[in-house]
Amino acid sequence: MAQHQFQTEVSKLLHLIIHSLYSNREIFLREIVSNASDALDKLKYLTVADDAYKSISFDPRIDISFNKVNSDPSDPASPAASSPKTGSTLTIADNGIGMNEADLADSLGTIARSGTSSFLEKLAGDAKKDSNLIGQFGVGFYSAFMVADKIEVISRKAGEDKAWKWTSDGKEGYDIEPSQRDTQGSTVILHLTEEGAEYANRWSIEDIIKRYSNHVAFPIYLTYDEKEYDDKGKEKGSKTKTDRINSGTAIWRRSKSELKEEDYNEFYKTLGHDTEEPLFYVHTKAEGTLEYSTLFYIPQKAPFDMYNADYKPGVKLYVKRVFITDDDKELMPTWLRFVRGVIDSEDLPLNVSREILQQNKVLLNIKNGSVKKLLGEFKTLSDNNKEKWETFISQFNRPLKEGLYQDYANREAILELVRYKSTTTEGWTSLADYASRMKADQKNIYYITGGDEKTLKASPLLEAYRAKEIEVLIMDDEIDDIVIPSVGKYKDWDIKAVNRAGADEELGEKKDKAAEKEIKPVIEKIKKALGDRVKDVKLSRRLHDSPSCIVADENDPTMQMAQMLKAMGQAEMPEIKPILEVNGDHPIVVALKDTEDEGRIADVSGVLLDQALLVEGVKIKDPADFVKRLNRLLV
Ligand code: ADP
Ligand code: MG
């Protein structure tokens with residue numbers, strides 16, 4: 001029985017990892033090595049920034065060794081007693097920051113990472129999809145239980161004398177007991193299962209390290225036994241050798257000409273815990289008043305936590321190659337939170353604190369420069385690589401739209417990137433493309449919001465625009481309703497909603513004066529019948545085939561928006577009343593001219609209003625009343 005129980009989430013995650021990542025189980029080594037590298041980063045930082053650690057002699061390295069036992073099942077003495085099954089082990093040691101008793105319990109018995117529970121909820125139980133998600137999440141230490149049925153971690157924290165041993169079989173819990181270790185750091189000993197035993201092998205270790213951890217910025221050494229032979233080719237013993245097996249320079253500091261696409265992609269996998277290749281990367285070296293290097297990656301898929309308030313930032317900060325933080329949301333604007341990568345500055349002091357970072361001018365300049373650079377690269381991609389651009393937009397259109405709202409300084413550049421649907425083209429269109437299709441005398445850019453693409457395309461509000469061959473952008477993303485009114489303009493054109501009063505100037509005259517005069521009494525009748533259900537009733541210039549539509553007053557939220565705000569818990573919203581517009585040529589409306597039957601006028605008016613609401617996807621207040629009126633009219 002283990003002394004300590006795993007936190008429930010650990011047990012869940014363990015189970016999931018073992019079952020969904022099994023076909024990709026070699027990544028356990030990447031995870032253990034990246035933990036060693038993180039531990040070295042942390043200590044390196046302390047030795048330069050904190051006087052208490054300056055006396056530590058620090059020669060950072062990661063050491064891998066293995067012990068392969070060729071077990072013979074027929075020999076009862078064969079499997080070594082140390083491992084329940086195979087006796088083969090794989091050991092990864094670092095001389096980094098180390099862990100004390102409490103750290104071991106916290107780090108390897110619970111999951112501190114924010115967003116874990118929401119992540120667990122997302123998992124569907126479909127191994128293939130889940131393994132993709134888990135890959136993005138970064139599986140971490142526990143992935144080693146895919147190849148080991150027992151793990152020991154012997155660790156000593158820098159600056160402390162005592163060492164501790166954590167042991168677990170990856171089932172219910174773990175034990176911690178006092179142990180021995182000569183220097184600070186951690187040694188992870190994996191007792192390999194029968195299938196895991198294939199990793200107790202020089203070639204597979206080298207191969208996996210080259211593939212996933214080649215660019216870890218500390219040297220990784222592999223120790224192995226090499227057989228020696230005499231002149232006659234007879235084995236005469238073996239010699240222990242240690243080779244360095246990674247290239248290990250900070251890739252972002254190297255020059256672009258030295259690096260191949262594979263180098264970049266390999267580094268991305270270590271950095272982003274992603275099993276897929278990145279969509280593209282941007283590598284910049286700035287020299288001049290400020291000196292810094294940045295290497296940014298755009299993933300193929302939006303990070304699983306992109307819409308969580310407590311998302312994990314994707315950009316790490318280094319100062320002169322020393323890792324400072326990977327948990328600072330200020331390094332990138334929130335609307336670029338999907339970007340992965342590294343910022344390495346020459347001009348920041350090493351002992352920067354969080355608080356100083358936030359107001360630091362150097363960092364602010366780097367950040368602004370990086371955003372500009374990324375925006376420029378996005379634009380180039382949109383011009384030159386249709387396929388990648390489509391992928392990009394399918395994943396990141398929404399955060400870009402957030403940028404329109406939040407980042408005033410870059411609004412113009414972002415406006416060139418966001419994409420919308422449209423009444424005249426299939427797929428995505430840009431505002432620039434829309435503008436290029438505008439007729440010479442068109443005054444505004446038009447859009448419609450409030451519903452899904454299908455509902456919007458069927459809206460009667462679009463009839464007159466269609467008849468006049470004026471293109472309308474279909475904005476079916478909830479966020480558009482909030483963002484676009486705040487943007488207001490693209491170049492010199494106003495961007496106007498078709499479901500607002502005032503967007504119909506270009507649709508020509510309502511009717512000739514005489515006809516307008518003739519229809520006026522009808523409008524009055526409807527207005528009287530509807531009373532305070534509407535703000536106003538007007539003769540429409542937008543309608544062609546439909547008898548009526550609703551629009552919002554210029555400064556009111558639209559009905560759909562009001563509905564959305566209410567659903568989001570904004571109970572205090574004042575009631576928004578629509579303006580009803582009627583089609584003066586439609587037989588239903590025309591027929592009202594000759595009737596004074598108040599009951600009938602009330603029924604027709606009610607139906608004109610409710611049907612206009614229904615087509616726009618707005619819930620009507622009293623469906624029973626609507627049906628009654630409709631049925632009375634049908635006889
Ligand atoms: P993550 O690396 O994403 O935090 P892991 O599951 O890989 O998640 O590791 C959990 C934690 O265990 C780490 O955050 C770290 O605090 C601790 N840890 C793991 N390996 C080491 C190590 N070699 N040295 C020091 N701490 C370690
Ligand atoms: Mg880790």
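Predicted model: local features only at pLDDT ≥ 70, side-chain atom pairs only at ≥ 80, totals over all residues.
Let's start with one pair: Phe280 sits opposite Ile298 of β11.

As for cover, β11 spans residues 292–298, and seven of its seven residues are buried. In a regular strand, side chains alternate between the two faces of the sheet. In β11, Tyr292, Thr294, Phe296 and Ile298 point one way, while Ser293, Leu295 and Tyr297 point the other way; all are buried.

Now over to the ligand. Around ligand 1 you'll find Asn35, Ala39, Asp94, Met99, Ser107, Leu108, Gly140, Phe141 and Ser186. Sorted by class, that shell holds four nonpolar, four polar and one charged residues. The distances to oxygen atoms of ligand 1 look like this:

| Residue | Atom on the protein side | Distance to an oxygen atom of ligand 1 |
|---|---|---|
| Asn35 | side-chain N or O atom | 2.8 Å |
| Ser107 | polar side-chain atom | 3.4 Å |
| Phe141 | polar backbone atom | 2.9 Å |

On its own, ligand 1 has 540 Å² of accessible area, and the protein covers 76% of that. Two elements, α2 (27–49) and α3 (101–109), each give two or more residues to the shell.

Terms used:
Residues numbered from 1 in each chain as written. Chains lettered and ligands numbered in written order. Heavy atoms only, no water. Near = heavy atom within 4 Å. Polar contact = N/O pair within 3.5 Å; in protein donor to acceptor, adjacent residues only side chain to side chain. Areas by Shrake-Rupley, 256 points an atom, 1.4 Å probe, with all protein chains shown as cover. Helix = DSSP H or I, 4+ residues; strand = E, 2+ residues; numbered from the N terminus. Nonpolar A, V, L, I, M, F, W, Y, C, P; charged D, E, K, R; others polar. Buried < 20%, exposed > 50% of the residue type's maximum accessible area, 1.4 Å probe, protein only. Pairing = 2+ DSSP bridges.
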